[in-house]
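Here is a friendly walk through one protein model, written for someone who likes to check geometry by eye. Keep the viewer open as you read.

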Amino acid sequence: MANESQTELYLSERVVVLGTCALSFLGSSLIILTHIIWTDLRTTPRRLLVFLSVTDWLSAVSYAVGVWSVFRTDSTECVAQGAISTFSNTSSFFWTVSIAVYLYVFIVRSSQRVADSLVVFFHLVSWGVPLVITVTAVCLNKIGYDASEVSVGWCWVRIEAPDRVLWMLLTGKIWEFLAYLTLPVLYILIKRHIHRAHAALSEYRPILATRPPSQSFSSMADVKLTLIPIIFIVLRIWSTVRFILLLANSPVRQNPVLVTLHPIRSRLCTALCCCCSSCRGEAPHPDGAPQRHQARRDSRGEGEEEEENGTSGVQRER
């Protein structure tokens, strides 16, 4: 099934790749810098977002180096670039799913303690598994020049490797497929739980009707929870399509349209990251307790204020 022909990369395609890498680099850098500068933003979900941004930052740099260098052989630079991109891209899948799992446990299972305890496990899996896979692939001489078969100018699994499909799965595609299945399920469950929480608060809606900001936050969170899996799949599907076409040995995988759509996912990666981090702060508490407490407190506050105003008015009359 090996195809020695190289996918031709036009100048316009290389410009698109470099441009999207630059945008991804800037977006990831801004997320990391804001986390360093503003200490009040250092919540657990945002820390997870920073780790995801680090992997996206590494991916953007490694992809840009690969496209800029135009590798033609299994040089040391090609192997190094392929190893970094393999590690960072695989780690990005794990961190994306880890954020979804954290939000699910925190919102649906109503346990921040359990959610926070999972962070250590997230580190072990999201850094450890990609590192083991990448080191093993490099030691077995599986990383190198791939003739842009399922990439866009950067190095990945060597095109001469007889078991390259297996290593393409291990170094990215199998985790990508699992993310396609996991993310929609988790975010649908989170959305359903939020809707049920709003239904449980129906008796307090007359009081909360005068508080449009919380309603707008809830609707914004609902939209983001819908868009997260959609954006992820839309941005990643083009590389998956090219991989399936490779399995079918179809020359369509070299189509300039597919090759151009492949790197565009980097441009919108920051939007996905921001959506993931914002949902925790905008989603209602699972039990609705804070909202009820706030409603009662606001109700008491209004009554006390009216009483004070009435008392002061009587004193003025006297």
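In which loop is serine 110 found? Serine 110 sits in the loop between H3 and H4. We will come back to that residue after a look at the chain as a whole.

## The chain overall

Please keep in mind that this is a predicted model. The protein chain holds ten helices and two strands. Reading from the N terminus, the order of elements is α-α-α-α-β-β-α-α-α-α-α-α.

The protein chain has 318 residues, and buried residues make up 45% of them. Taking contacts between residues at least 6 apart in sequence, 76% join residues at least 24 apart.

## H1 against H2

Helix H1 covers residues 11-37, and helix H2 covers residues 44-69. The axes of H1 and H2 are 8 Å apart, and the two helices pack at an angle of about 150°. Angles over 145 degrees count as roughly antiparallel, so H1 and H2 fall into that class.

The crossing of H1 and H2 is left-handed. Sorted by class, the contact of H1 with H2 has 16 nonpolar, five polar and four charged residues.

Helix H3 spans residues 76-108 and helix H4 spans residues 112-139. H3 and H4 pack at an angle of about 160°, with axes 9 Å apart. H3 and H4 are therefore roughly antiparallel to each other. The crossing of H3 with H4 is right-handed. By class, the contact of H3 with H4 has 20 nonpolar, eight polar and one charged residues.

Back to serine 110, in the loop between H3 and H4. Its phi is near 60°, a positive value in a residue other than glycine. Serine 110 counts as partly exposed because its relative accessibility is 35%, which lies between the 20% and 50% cut-offs.

## H2 alongside H4

How are H2 and H4 oriented, roughly parallel or roughly antiparallel? The axes of H2 and H4 come within 11 Å and cross at roughly 5°. H2 and H4 are therefore roughly parallel to each other.

Thr44, Leu48, Phe51, Val54 and Thr55 are the H2 residues that meet Asp116, Val119, Phe122, His123 and Trp127 in H4. By class, the contact of H2 with H4 has six nonpolar, three polar and one charged residues.

Threonine 44 is placed in helix H2. With 14% relative accessibility, threonine 44 counts as buried, because buried means under 20%. The side chain of threonine 44 makes a polar contact with the side chain of arginine 47, at 3.0 Å. Leaving out residues up to four places away in sequence, threonine 44 touches Tyr102, Asp116 and Val119.

Serine 88 has its place in helix H3. Is serine 88 buried or exposed? Serine 88 is buried, since its relative accessible area is 0%. The side chain of serine 88 reaches the backbone oxygen of isoleucine 84 at 2.9 Å.

Cysteine 155 is buried, because its relative accessible area is 1%. Cysteine 155 and valine 79 are 76 residues apart in sequence, yet their C-alpha atoms are 7.0 Å apart in space. Not counting residues up to four places away in sequence, cysteine 155 touches Phe71, Cys78, Gln81, Gly82, Ser85, Gly144, Tyr145 and Asp146.

The loop between H4 and S1 is where asparagine 141 lies. Phi of asparagine 141 is near 60°, again a positive value in a residue other than glycine. Asparagine 141 counts as partly exposed because its relative accessibility is 45%.

Note on methods:
Residues are numbered from 1 along each chain as its sequence is written. This is a predicted model: local features need pLDDT of at least 70, side-chain atom pairs count only at pLDDT 80 or more; totals for chains, interfaces and linings use all residues. Side-chain values use heavy atoms; hydrogens and water are left out. Helices (H or I, at least four residues) and strands (E, at least two) are DSSP runs, numbered from the N terminus. Buried means under 20% relative accessible area, exposed over 50%, partly exposed in between (1.4 Å probe, protein chains only). A polar contact is a pair of N or O atoms within 3.5 Å; within protein, one must be able to donate a hydrogen and the other to accept it, and residues adjacent in sequence count only if both atoms are side-chain atoms. Contact means heavy atoms within 4.5 Å. Axes are lines fitted to C-alpha atoms, for helices over the stretch in contact, and angles run from 0 to 180 degrees between N-to-C directions. Angles under 35 degrees count as roughly parallel, over 145 as roughly antiparallel, 65 to 115 as roughly perpendicular and the rest as oblique. A crossing is left-handed if the near helix is turned anticlockwise from the far one by less than a right angle, and right-handed if clockwise. Ala, Val, Leu, Ile, Met, Phe, Trp, Tyr, Cys and Pro count as nonpolar, Asp, Glu, Lys and Arg as charged, and the others, Gly among them, as polar.
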